[in-house]
Amino acid sequence: MSTIAAHLDDVLSRIANATAQAGRPTGSVHLLAVSKTFGPDAVREAAAAGQRAFGENYVQESLEKMAVLARETVDGEPLEWHFIGPLQSNKTRPVAEHFAWVHSVDRLKIAERLSAQRPAGMPALQVCLQVNISGEASKSGVPPEDVPAVARAIAALPNLRLRGLMAIPEPQTDPARQRAPFRAVRELFDALRADGLALDTLSMGMSGDLEAAIAEGATMVRIGTAIFGARDYGPRA
């Protein structure tokens, strides 16, 4: 078993254990392997171990990776690419044209551009609205009080399907402190569903806090370091 395959197995065990401890159904939490800054060979190793969904932050890097891995499959299905990084207006077209999901829709303008630029004949682009739940000036995302109005506007756009909410809370080491912002995001999510929006995805939790996120209702955790190792952040497009 390769190192990446072994790490992937460990992460899946953590997810399964956290899901069981939360009293949630087996398989109710999905793993998104965050492959940003890692090359095609690392993705191939993870795919060979059964991982199909991959998260990317940098547009040019991800497009190059997709081209190299275009024929890669898992159980006969092509790899599924999720864009999870900050998205500038001038980068929306390639994302609309090549990705299956965008987790980091942080304002209505970005959603409108993605909707307009999604090619005809492609399935609806699956999107999550990013919430700045900790109020950090350095973080992207919609303030919690603005989420209902923005979510409704995005849900009405053609060529997109609003699946739910995404958040990257301020890092904490104490489990109780980790859980509080995730709980706040889940309460927003529950309120939107109660108000009639057909949402099913809470994208929250990373390598250091996935257990807290799952305890508070995460349906998709975004894990990079625990699978691929430490990253080397160089200049990126």
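User: What makes up the span of residues 14–231, and how far apart are its end C-alpha atoms?

Analyst: The end C-alpha atoms of residues 14–231 lie 21 Å apart, and the span is 38% helix and 20% strand, where helices (H or I, at least four residues) and strands (E, at least two) are DSSP runs numbered from the N terminus. An unreviewed UniProt entry annotates residues 14–231 as "domain: Alanine racemase N-terminal"; UniProt positions follow the numbering used here, feature names are shortened, and annotations may be inferred rather than shown by experiment. This is a predicted model, in which local features need pLDDT of at least 70 and side-chain atom pairs count only at pLDDT 80 or more, while totals for chains, interfaces and linings use all residues. Residues are numbered from 1 along each chain as its sequence is written, and side-chain values use heavy atoms, with hydrogens and water left out.

User: Where is Lys 36, and why does Lys 36 count as buried or exposed?

Analyst: Lys 36, where the unreviewed UniProt entry places "modified residue: N6-(pyridoxal phosphate)lysine", is in the loop between strand S1 (30–34) and helix H2 (40–48). Its relative accessibility is 13%, so Lys 36 counts as buried (buried means under 20% relative accessible area, exposed over 50%, partly exposed in between, with a 1.4 Å probe and protein chains only).

User: Why is the pair of Phe 54 and Trp 81 called tilted?

Analyst: Rings of Phe, Tyr and Trp (its six-membered ring) pair if their centres lie within 6.5 Å, and planes under 30 degrees apart count as stacked, over 60 as edge-to-face and the rest as tilted; by this rule there are three aromatic pairs. The ring centres of Phe 54 and Trp 81 are 5.9 Å apart and their planes are at 40°, so this pair is tilted. The two residues are 27 residues apart, with Phe 54 in strand S2 (residues 53–56) and Trp 81 in strand S5 (residues 80–83). Phe 54 counts as buried because its relative accessibility is 0%, and Trp 81 counts as buried because its value is 8%.

User: What makes the pair of Phe 83 and Phe 99 edge-to-face?

Analyst: The planes of Phe 83 and Phe 99 stand 80° apart, with 5.4 Å centre to centre, and the pair is edge-to-face. Both Phe 83 and Phe 99 are buried.

User: Which residues have the most contacts inside the largest nonpolar core?

Analyst: They are Leu 114 and Leu 165, in a core of 63 residues, where a nonpolar core is a set of buried Ala, Val, Leu, Ile, Met, Phe, Trp, Tyr and Cys residues joined through side-chain atoms within 4.5 Å.
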